[in-house]
Structure formats: structure tokens, C-alpha cells
Amino acid sequence: MFDQLTHRVVQAPMAGTSTPELAVAVCNAGGLGFVALGALDAQGAGRAIRAVRQGTGRTFGVNLFCHVPARRDARREAGWIDALRPVFHRFGAEPPDGLSEIYPSFRGNDDMLSVLLAERPDIVGCHFGLPAPDQIAALKAAGCKLWATATSVAEGRAIRQAGFDVIVAQGWEAGGHRGIFDPDGPDGRLDHAALVRALLPVGLPVVAAGAIMDRAAARAAMDAGAAAVQCGTAFLRAPEAATSAPHRAALSGGQTVMTRAISGRPARCLVNDFSGIDDAAAADYPLAYDIGKALNAAALARGHTGYGAFWAGTGAAVSVARPAAETVAAISP
């Protein structure tokens, strides 16, 4: 699989900021592009896959969220709405009366599975967990290679036992949502190099992910045993990415923190007003993300950009504004 790549650089899916155009640019530069489907419905997923195919004949991947459906707790949800109400009032707005599960899991999503079986993308990646066994069997029968994110050896073993082909070792320093299967479980917080070394005995190829911003970091990850490196933050300032102007501007600050406040799951973002909110009582994912997006919209309506989901890894400050193809070449080990 990796032998087909000119550069063993994988573009992280990054729901909301990656685009088919970004995946195409990375693929055509000799890397491996991914298009994120986790925030799309089945029709949107089909359009995104076809858009990538129109732009490149090279191998590419898609990525899905496989989280356990939200645990509904009316008291907790009402409490989180009340906690954010004063912030909404700062911008002359009211919070929503209730929270919705805006991003359905791929687990049990027959419509999304039907699209994947019809389109047959080369690679199907999974984040937050694994699909149901029947979904796995169907995707394998369709010829898709299966990847999944691991933050621990236990998760890596589960990925292998499920019949997957590749493990993405997401280090603690990585930007965006932590791919941990159980967000309330223990987290060893290993950096990507330590995690790669720990996962190698599992017996699958391992892709290193987490603040890999230049060739030196990529070579170090490969020296640790990685088959390739996955980069997200390094592509956030590419013209092909959908990164908002405030997000791009904030990258130069570089300070990041892990928080649940924005979405209800641990995620690394640039420090801003939202990341400063106590997240102990946050509603479950993706319910918290529903009100988080509403709060950002209310703030933006008053010209305030401090409540965006500015996902980024710890190397954000050294990100470079350049075409995606140049980033692939610059990072290639």
C-alpha cells in the first residue's frame, strides 16, 4: 500500500477543514489524501468521494466517526445549556432549548454504508472506535483497506482483531479530536513516537500522527518504526483547505490545550475563549458540539472570533502558508 506513494505523507482527514480539493492536491503530489465524511450525510459523502475521483486517479481514503451514540442525560444537558447561557447573553443571543446529536455515528448507518459499497474508496478510516462486524465484513468484501486510529496498545489490538489493515498511532500532541475509543477511560497520553514503538508488536503497519511538521520529525517517526506519517496541522494554512480566516490567523500563536468544552470529547485546539471554559460538566459528544456551534455563530454575528473550534496540534506555530503539494514535499521523509 505505502509502496505506491512517492512520499509517505498522509493528509489527516480533519472534518470541517479538509476538502476534496486538499485530498486531490496531496494525492497528485505523491502523498495520500483523505476526505472526511464524519460531518456529512450519505449524499454529501457520495459527492465528496466523486469530487476526489474527478481530480485524481491515485489512491485516496475516506474517514468516518465510529463513536458510541450520545448518552442522553436531560439534567446534564440542561446544566450545560445553563452554564453557557451567560456567554450567549454577552452576544445578545439565547442558547438553544435542547441539544441534538448533529453527527451520527457510522455504526448502524445503513445509508452511509450503501454509499461506501457503491463508491468503493480505496481506504476507509475510522475514528473514535470501530464499525459493527457486519459493516467491516461488507467493506472488506468490497475491496476497501481499513484503517483505524489508536491511542493505546489495547485499542491497537482491538483494531487488529477486527481485521483492519493499518493502525494510525495518534500521539497526545496531535490536533483535533482524540481518537480514544472511550473518552471517559484511562489515557496514557503517549506521544506519537512512544505510541508507534508500543504498537509495532501488534503486527500491523503503523502510521504516526501528532505534530509532525517537517522532514526531521517525519524521519524521526520513521526511525521509530512508522510506515508513514499523518499530518493535519501542517496543511491547515494550505489554500486548498477550508480553514477559516480567524483559525488561520490564530495558528501563529501556537499555544494549544486539550478540552471537552467545545464538542464534549477531548480535542486539542488553539487556546481561545472557548477553551478557557471549564469543561467538567460538558454534555456528551456530539451534543455539546451542537451548542458549541451555536455559540460560535452568536459570537461571529457580533464580530467576535474567540469561540471557534480552532483544532491544531502542538506544532501550530511553525505551520506554513503554502500549497499542499509543497507541504508534502517539505515533510516527505
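Is Y307 buried or exposed? Y307 is buried, because its relative accessible area is 5%, and buried means under 20%. The model described here is a predicted one.

**Aromatic pairs**

A pair of aromatic rings is described by the distance of the centres and the angle of the planes. The structure holds 10 aromatic pairs. Two of them are set out in the table.

| Pair | Centre to centre | Angle between planes | Arrangement |
|---|---|---|---|
| F34 and W147 | 5.4 Å | 55° | tilted |
| F91 and Y307 | 5.8 Å | 80° | edge-to-face |

The pair of F34 and W147 links distant parts of the chain. F34 belongs to strand β2, residues 33-36, while W147 belongs to strand β5, residues 145-150. The two residues are 113 residues apart. F34 counts as buried because its relative accessibility is 2%. W147 likewise counts as buried, with a relative accessibility of 2%.

The partner of Y307 is F91, and their rings are edge-to-face. The angle of 80° between the planes gives this label because angles over 60 degrees count as edge-to-face. F91 lies in the loop between α3 (74-90) and α4 (110-119). Y307 lies in the loop between α10 (287-301) and α11 (324-331). The pair therefore ties together parts that are 216 residues apart in sequence. At 8% relative accessibility, F91 counts as buried, and Y307 is buried at 5%.

**A ring cluster and two charges**

Ring pairs also join F65, Y103, F128, Y285, Y289 and W311 into a cluster. R265 lies over the face of Y285, 6.0 Å from the ring centre. Over the ring of Y289 sits the charged end of K293, at 4.3 Å from the centre.

**Two packed helices**

Two packed helices are described by the angle between their axes and the distance between the axes. Helix α5 covers residues 133-141, and its axis comes within 9 Å of the axis of α4. The axes cross at roughly 15°. Angles under 35 degrees count as roughly parallel, so α4 is roughly parallel to α5. The crossing of α4 and α5 is right-handed.

Which residues of α4 and α5 make the contact? On α4 they are L113, L116 and L117. On α5 they are Q135, A138 and L139.

Note on methods:
Residues numbered from 1 in each chain as written. Predicted model: local features only at pLDDT ≥ 70, side-chain atom pairs only at ≥ 80, totals over all residues. Heavy atoms only, no water. Phe/Tyr/Trp six-rings, centres within 6.5 Å; stacked < 30°, edge-to-face > 60°. Helix = DSSP H or I, 4+ residues; strand = E, 2+ residues; numbered from the N terminus. Buried < 20%, exposed > 50% of the residue type's maximum accessible area, 1.4 Å probe, protein only. Lys NZ or Arg CZ within 6 Å of the ring centre and 35° of its normal. Axes fitted to C-alpha atoms, helices over the stretch in contact; angles between N-to-C directions. Parallel < 35°, antiparallel > 145°, perpendicular 65-115°, else oblique. Left-handed = near helix turned anticlockwise from the far one by under 90°. Contact = heavy atoms within 4.5 Å.
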